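Colleague: I've got this one open in the viewer and I'd like to go through some of the labels with you. Can we start with the charged side chains?

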Amino acid sequence: MMLSGNLTIGAVSLALDMAQRRAEVASHNIAYANVPGAQMERANFGSAIALLQQVADGRDVNARSLSSVDLHSSTMHPVDTLDGNTSLDQEVTELALAGAHYQALSEALNRQFGLMSLALSGDQG
């Protein structure tokens, strides 16, 4: 099934927002890793992932619903329940992965816009 342009852009935009939120959460956790009494944050992307799965499965999804997903719900965990060094390594890895995902999605979106531009201009190259 071919996705409409709005739905494709909406899905990629939501995925970009998710990568950004992952980076924000990891940055928060890194910044507060050694602060006594601090809480580790975990983002909850359940509704966003379910919606993106619907798009991938070809089910009818309103493109506007992709932009209305709340990505700021999260859970907090006391730092002292996690192994400090391991969790800090995990958070740095999470931050790096979020950056890599954001970059890959940005490049894919740029290619999509490039193809749309070529289609509109009729450039035969």
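Colleague: Why does Glu94 count as partly exposed?

Modeller: Keep in mind that this is a predicted model. Glu94 has 27% relative accessibility, and buried means under 20% while exposed means over 50%, so Glu94 counts as partly exposed.

Colleague: And why does Arg22 count as buried?

Modeller: Arg22 comes in at 18% relative accessibility. The cut-off for buried is under 20%, so Arg22 counts as buried.

Colleague: What makes Arg22 and Glu94 a salt bridge?

Modeller: Their closest N and O atoms are 2.6 Å apart, and the limit is 4 Å, so the pair qualifies. Arg22 sits in helix α1 and Glu94 in helix α4 (residues 84–121), so this bridge ties together parts 72 residues apart in sequence.

Colleague: Which residues join into one network through shared partners?

Modeller: Arg21, Glu24 and Glu41 do. Glu24 pairs with Arg21 at 3.4 Å between the closest N and O atoms, and Glu41 meets Arg21 at 2.6 Å, N to O. Glu24 and Arg21 both lie in helix α1, about one turn apart, whereas Glu41 is in strand β1 (residues 39–43), 20 residues from Arg21.

Colleague: Are Arg21 and Glu41 buried or exposed?

Modeller: Buried means under 20%; Arg21 is at 9% and Glu41 at 10%, so Arg21 counts as buried, and Glu41 does too.

Colleague: How many salt bridges does a search of the whole structure find?

Modeller: The search turns up 5.

Definitions and conventions: Residues are numbered from 1 along each chain as its sequence is written. This is a predicted model: local features need pLDDT of at least 70, side-chain atom pairs count only at pLDDT 80 or more; totals for chains, interfaces and linings use all residues. Side-chain values use heavy atoms; hydrogens and water are left out. A salt bridge is a side-chain nitrogen of Lys or Arg within 4 Å of a carboxyl oxygen of Asp or Glu. Helices (H or I, at least four residues) and strands (E, at least two) are DSSP runs, numbered from the N terminus. Buried means under 20% relative accessible area, exposed over 50%, partly exposed in between (1.4 Å probe, protein chains only).
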